[in-house]
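Work through the exercises below with the sequence and the model open. Try each task before you read its solution.

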Amino acid sequence: QVQLVESGGGLVQPGGSLRLSCAASGSILGFNAMGWYRQTPGKEREFLAAITSGGGTTYADSVKGRFTVSGDNAKRTVYLQMNSLKHEDTAVYYCYAHLGQFYWGPGTQVTVSS
């Protein structure tokens, strides 16, 4: 009943910026929170950022000051603005929505390389 689709991933140079989007669709009208994780081979899925229905935000220490999460309730869309990107930011980025359980998008690849 819920579908999430990420967009905006791709190849970017170190120090560059990228903006990810995640649009939700389905029968559920709203969520407690939406946010972002990422994962690289051999590592656990890492929490990055989240925004609640009331607009509050939280960030992992690893991205605080570089990444900004925002949302548009009318469009049921969450964004992740990523600045000062580093090689270690290379990963598959996953969007999630939460309302009693987690719903996940299929992921979008972000590659930081010169």
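Buried means under 20% relative accessible area, exposed means over 50%, and partly exposed lies in between (1.4 Å probe, protein chains only). This is a predicted model: local features need pLDDT of at least 70, side-chain atom pairs count only at pLDDT 80 or more, and totals for chains, interfaces and linings use all residues. Residues are numbered from 1 along each chain as its sequence is written, and side-chain values use heavy atoms, with hydrogens and water left out.

**Exercise 1. Positive phi**

Find where Ser-84 and Arg-76 lie, and decide whether each is buried, partly exposed or exposed.

Step 1. Take Ser-84. Its phi is near 50°, a positive value in a residue other than glycine. Ser-84 sits in the loop between E8 and E9. (Strands, E, are DSSP runs of at least two residues, numbered from the N terminus.) The relative accessible area of Ser-84 is 41%, so Ser-84 is partly exposed.

Step 2. Take Arg-76. It is not a glycine, yet its phi is positive, about 50°. Arg-76 belongs to the loop between E7 and E8. Its relative accessible area is 18%, so Arg-76 is buried.

**Exercise 2. The disulfide**

Which residues does the disulfide join?

Step 1. Search for a disulfide, a pair of cysteine sulfur atoms within 2.5 Å.

Step 2. Name the pair. Cys-22 is joined to Cys-95, with S to S at 2.0 Å. Cys-22 is in strand E3 and Cys-95 in strand E9, so the bond ties together parts 73 residues apart in sequence.

Step 3. Check the torsion and burial. The S-S torsion is about -80°, so this disulfide is left-handed. Both cysteines are buried.

**Exercise 3. The core**

Which residues touch the most other members of the largest nonpolar core?

Step 1. Recall the rule: a nonpolar core is a set of buried Ala, Val, Leu, Ile, Met, Phe, Trp, Tyr and Cys residues joined through side-chain atoms within 4.5 Å.

Step 2. Read off the answer. The core has 30 residues, and Leu-4, Met-34, Trp-36, Leu-80, Met-82 and Tyr-93 touch the most other members. Strands that each supply at least two residues include E1 (2–7), E4 (33–39) and E8 (77–82).

Step 3. Follow Leu-80. Leave aside its neighbours within four places in sequence. Leu-80 is then in contact (heavy atoms within 4.5 Å) with residues including Leu-18, Trp-36, Phe-67 and Tyr-93.

Conventions
Helices (H or I, at least four residues) and strands (E, at least two) are DSSP runs, numbered from the N terminus.
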